[in-house]
Amino acid sequence: MDTGSSVRAVAGKQGGEFRPRIAPEISYDLSNLDPLLNAKWQLTVSEAFKKLSGAERRYAYHRYLAPKGIVLDRENRRLAFSGRPRLADARAKLDSPKLIVVAKKLEATLESLRGMSDAGAYVDLLEGSVSVFDAYDSEGDLHQIGQKNLLRQAYLDELVLLTRSAPLEIASSRRGLTSGVLREFIIEVFLKQQMLGYRFRTQTAKSLLDHAHPFIREQIADEACMRQCEVIATERYLFLVGPVKKLSFNAYSARRFLAEETLLDGASVYFNGMAIPFGSLGNEDITRHLQWSLSRVVTVERQVSAGVLAMMEAAHNARAEVLLPLLAGGLSADGSGFAAAISSKLRAFEELLAASVLSRLPRVLLEFAKTEDDHDYLFFGLRSYIMQLAADVRDFSDQFALSFNDAAQELELRLLSYLRLLEKRRDTLFSLSLRENPAAIEDAKLPLLEFKSALKEFGPSARQLAERQRRLRQAIIEPSKGLSGVLDRAFSRQQKRRESIERLELALSLKKKQCLVSLIRICKRMTGLTVYLELEDLVEVDEALRRYALPAGKDGVSQLPVLISLWENQSSFDFDSIAKKLGVRVEE
């Protein structure tokens with residue numbers, strides 16, 4: 001972006017009072033922009049800034065661009081990408097011998113990849129090297145996890161830069177795959193999904209029914225729906241990815257995308273995905289070949305019961321007709337304040353989600369899901385649905401100033417934690433044995449019950465200690481008058497009160513530590529029923545903080561989980577705030 005006016009517009013200081021609501025399509029483009037992945041990011045920013053006022057540009061720069069390393073180049077009067085830490089930079093910050101060994105192996109892998117031109121060998125080595133991080137055991141050490149994530153991001157960035165210019169040669173392809181298509185899939189699908197995890201955004205095949213191009217809308221959409229494809233749109237291509245049979249399989253694997261399965265001595269061929277080039281849709285030969293390619297994309301044959309289909313149909317209708325319009329609507333101006341209006345809207349979103357979708361799930365699991373096909377369809381459908389909702393909440397949050405996004409961030413984390421709990425409990429929740437033994441999922445209530453029990457055990461005595469402290473401090477601030485004051489001075493009562501406060505502080509600190517340790521032990525015992533967000537890469541590692549999600553509602557699925565924050569420093573432990581989250585009252 002090289003217009004001086006745009007640079008001048010963002011150079012001003014961002015005021016604390018200005019809170020514009022950027023148009024959803026602009027906030028979406030800017031919040032999802034990655035200057036490393038998107039080689040033409042400056043054009044995206046330029047197009048967005050043309051639609052914004054000077055004050056809105058300043059807000060957008062500080063809100064979306066500056067945190068991504070985009071800086072003002074005043075000398076050349078343009079925005080520039082300052083870059084992210086390279087692999088060598090990340091290695092220099094490591095203090096774990098195990099991670100240093102991993103870093104050296106990754107550097108050697110990059111050298112090997114630079115000398116490769118065979119596409120199959122390239123993606124094999126690339127994906128194999130990334131899997132090293134999944135196999136790495138951080139032993140629950142948050143510091144190691146943080147360093148591993150730093151190294152992983154730097155390595156993925158290196159792979160993006162290397163792949164962008166890799167001279168990949170594809171031996172043969174019935175789909176007509178080119179090196180450009182494969183490079184874009186590796187960068188925009190495989191590597192981007194590795195970077196974003198649950199936050200990687202796809203579209204449903206059904207969304208193609210509303211696509212702007214008639215060929216995609218009329219000739220592709222129905223077939224893509226029938227084949228249960230996921231859709232990823234990039235600047236040049238529309239990628240359709242066929243479904244996987246198991247959760248452990250990576251639908252976005254570049255190896256899987258490249259593979260072509262031939263049967264009957266080559267008479268029949270099947271693909272795991274395809275690419276639709278936007279720039280070639282006017283060529284009849286190409287569009288005819290695209291239709292044939294789609295007919296060869298693998299699908300998972302499932303016979304699904306009417307009750308399960310109705311559940312997912314109702315869920316998607318609720319999102320389209322109730323939840324999305326709620327987020328898109330204006331904020332209340334009843335005088336309650338901007339932050340309160342956002343919180344109120346998000347509470348309404350959660351309540352409607354629970355009432356219209358989640359509360360129906362226990363009955364569907366017990367009564368309507370009768371076959372493995374039912375359970376698989378329901379699990380994968382819910383997984384995709386919850387990720388869509390998390391993206392919806394994130395889009396809503398991205399339209400407002402950062403300081404007002406605590407409620408939105410917490411709701412997004414609770415949605416992602418709900419998804420993680422579904423994955424952890426898949427073998428019991430989405431199982432044929434559930435109908436025979438419904439009690440098998442009743443253990444979902446245990447973490448919440450044990451958290452409440454721990455608070456009731458330590459909370460009352462902690463409250464009594466705090467109250468005694470308060471009274472002593474009050475007596476020091478407002479010393480007695482008359483004879484009582486004389487006696488206080490004569491017997492050094494004020495000094496004794498100070499000493500008592502110190503002893504009470506030690507006793508209170510012990511109670512806080514005992515409760516904190518008790519809560520952490522509950523989660524360590526019940527790893528399959530709780531989510532430790534830092535350990536499971538749902539949030540950036542903060543060595544001073546632990547965040548846990550506990551299943552809530554009937555069978556642990558009819559409501560979003562409860563999110564509890566525990567500071568490592570027990571002096572910050574707050575009985576009242578945790579009790580409020582858990583819905584319990586701590587009596588003296």
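**Note on the predicted model: pockets, cores and selected residues**

1. The second largest pocket has a volume of about 1000 Å³. Its lining counts 30 residues, and those closest to the pocket centre are Asn 38, Glu 188, Ala 233, Thr 234 and Glu 235. Two or more lining residues come from each of helix H2 (24-31), helix H3 (41-49), helix H9 (179-196) and strand E4 (230-233). H9 gives the largest share, 7 residues. Sorted by class, the lining of this pocket holds 12 nonpolar, 7 polar and 11 charged residues. Please keep in mind for this point and the others that the model is predicted.

2. Helix H2, one of the elements in that lining, also holds Ser 27. Is Ser 27 buried or exposed? Ser 27 has a relative accessible area of 2%, under the 20% limit, and therefore counts as buried. Setting aside residues up to four places away in sequence, Ser 27 touches Ile 22, Tyr 64, Asp 395, Asp 398 and Gln 399.

3. The largest nonpolar core has 51 residues. Within this core, Leu 353, Leu 378, Tyr 385 and Leu 415 have the most contacts. The elements that give it two or more residues are helix H13 (306-328), helix H14 (338-356), helix H15 (361-368), helix H16 (372-397), helix H17 (406-424) and strand E11 (559-567). Which of them gives the largest share? That is H16, with 11 residues.

4. Tyr 385 can be taken as one example from this core. Apart from its neighbours within four places in sequence, Tyr 385 is in contact with Met 312, Ala 315, His 316, Ala 318, Arg 319, Leu 323, Leu 353 and Val 357. Leu 353, in this list, is itself among the core residues with the most contacts.

5. There is also a second, separate core, with 49 residues. Its members include Ala 166, Ile 187, Ala 254 and Phe 257.

6. Leu 294 is placed in helix H12 (residues 284-295). Its relative accessible area is 1%, and as buried means under 20%, Leu 294 is buried. When neighbours within four places in sequence are left aside, the contacts of Leu 294 are Ile 220, Glu 223, Ala 224, Arg 227, Cys 229, Leu 240 and Met 274. Leu 294 and Tyr 377 are separated by 83 residues in sequence and by 21 Å in space, C-alpha to C-alpha.

7. On cysteines, the count of disulfides is 0. Cys 225 is in no disulfide, since the nearest cysteine sulfur, that of Cys 229, lies 8.8 Å away and a disulfide needs sulfur atoms within 2.5 Å. Cys 225 is partly exposed, at 30% relative accessibility. Cys 523 is likewise in no disulfide; the nearest cysteine sulfur belongs to Cys 515 and is 12 Å away. Is Cys 523 buried or exposed? With 3% relative accessibility, Cys 523 counts as buried.

8. Two backbone angles deserve a look. Most residues other than glycine have a negative phi. Gln 228 has a positive phi, near 60 degrees, and is not a glycine. The position of Gln 228 is the loop between helix H10 (214-226) and E4. Its relative accessibility is 31%, so Gln 228 counts as partly exposed.

9. Asp 537 is the other residue to check here: its phi is near 60 degrees, again a positive value in a residue other than glycine. Where does Asp 537 lie? Asp 537 sits in the loop between strand E9 (531-532) and strand E10 (545-552). With a relative accessible area of 41%, Asp 537 is partly exposed.

Terms used:
Residues numbered from 1 in each chain as written. Predicted model: local features only at pLDDT ≥ 70, side-chain atom pairs only at ≥ 80, totals over all residues. Heavy atoms only, no water. Buried < 20%, exposed > 50% of the residue type's maximum accessible area, 1.4 Å probe, protein only. 1 Å grid on protein atoms, 1.4 Å probe; cavity = no way out; pocket = protein on both sides within 12 Å on 5 of 7 lines; lining within 4 Å. Points joined across faces, edges and corners; volume = space filled by probe spheres on them. Helix = DSSP H or I, 4+ residues; strand = E, 2+ residues; numbered from the N terminus. Nonpolar A, V, L, I, M, F, W, Y, C, P; charged D, E, K, R; others polar. Core = buried A, V, L, I, M, F, W, Y, C linked by side-chain atoms within 4.5 Å. Contact = heavy atoms within 4.5 Å.
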